[in-house]
Amino acid sequence: MSDGSHYNPVEPVPIPTDSPTPFGTFVVRPEELFWEWWRGLNSDATEDPSFAGKTKTRGRKKATYQVIQSEKELAADWKRAREAGEPKVDFAERKKMTVAELDRLLDRVAKRERGSE
């Protein structure tokens with residue numbers, strides 16, 4: 001059914017070349033055209049050797065021992081302040097941070113404690 005009436009994606013598509021070759025025309029499959037196009041879009045990553053084998057790591061970097069201890073200390077301070085009746089907004093302002101930052105810090109400390117159990 002190669003009368004040209006309908007397109008079959010499995011059937012090779014003949015593509016004439018501009019320069020004469022001993023083979024006349026090249027037969028190229030559509031998926032080969034797609035990957036050639038895709039490599040053209042991502043050519044900066046394939047041409048630059050500094051990209052070779054590197055992927056961007058996701059998430060937060062591992063905290064140092066000093067950071068872990070200072071965050072644990074701040075969480076303990078918050079626990080004492082909460083028991084004394086101090087509002088979280090005032091505590092965060094006194095520590096020069098926002099409430100969202102304090103919440104994230106408390107979540108990290110709690111997660112570390114859960115992981116150590």
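**Ground rules.** I number residues from 1 along each chain as its sequence is written, and side-chain values use heavy atoms, with hydrogens and water left out. The model is predicted, so local features need pLDDT of at least 70 and side-chain atom pairs count only at pLDDT 80 or more, while totals for chains, interfaces and linings use all residues.

**Core.** I looked up the largest nonpolar core and found eleven residues. They are Leu74, Ala75, Trp78, Ala81, Phe91, Ala92, Met97, Leu102, Leu105, Leu106 and Val109. Helices here are DSSP runs (H or I, at least four residues), numbered from the N terminus. A core is a set of buried Ala, Val, Leu, Ile, Met, Phe, Trp, Tyr and Cys residues joined through side-chain atoms within 4.5 Å. Buried means under 20% relative accessible area, exposed over 50%, and partly exposed in between (1.4 Å probe, protein chains only).

I then picked Leu102. Setting aside neighbours within four places in sequence, Leu102 is in contact (heavy atoms within 4.5 Å) with Lys88, Phe91, Ala92 and Met97.

**Salt bridges.** I count a side-chain nitrogen of Lys or Arg within 4 Å of a carboxyl oxygen of Asp or Glu. That rule gives seven salt bridges.

Glu71 and Arg60 pair at 3.9 Å, N to O. Glu71 sits in helix H3 and Arg60 in the loop between helix H2 (43-47) and H3, eleven residues apart. Is Glu71 buried or exposed? Glu71 is buried, because its relative accessibility is 6%. Arg60 has 57%, so Arg60 is exposed. I also see a salt-bridge network that links Arg60, Glu71, Arg108 and Arg112.

Lys95 and Asp77 form another bridge, at 3.7 Å, N to O. Lys95 lies in the loop between H4 and H5, and Asp77 in helix H3, 18 residues apart. Lys95 is partly exposed at 32%, and Asp77 is partly exposed at 22%.

Asp103 and Lys88 meet at 2.6 Å, N to O. This bridge links helix H5, which holds Asp103, to helix H4, which holds Lys88, across 15 residues. Asp103 is partly exposed at 28%. Lys88 is partly exposed at 28%.

**Surface.** Which residues make the nonpolar patch of about 360 Å²? I found Phe34, Trp35 and Trp37. Trp35 belongs to helix H1 (residues 30-41). Its relative accessibility is 45%, so Trp35 counts as partly exposed. Patches take residues with over 30% relative accessible area and no salt bridge; like charges are joined within 9 Å, nonpolar side chains (Val, Leu, Ile, Met, Phe, Trp, Tyr) within 5 Å.

Key
Areas by Shrake-Rupley, 256 points an atom, 1.4 Å probe, with all protein chains shown as cover. Helix = DSSP H or I, 4+ residues; strand = E, 2+ residues; numbered from the N terminus.
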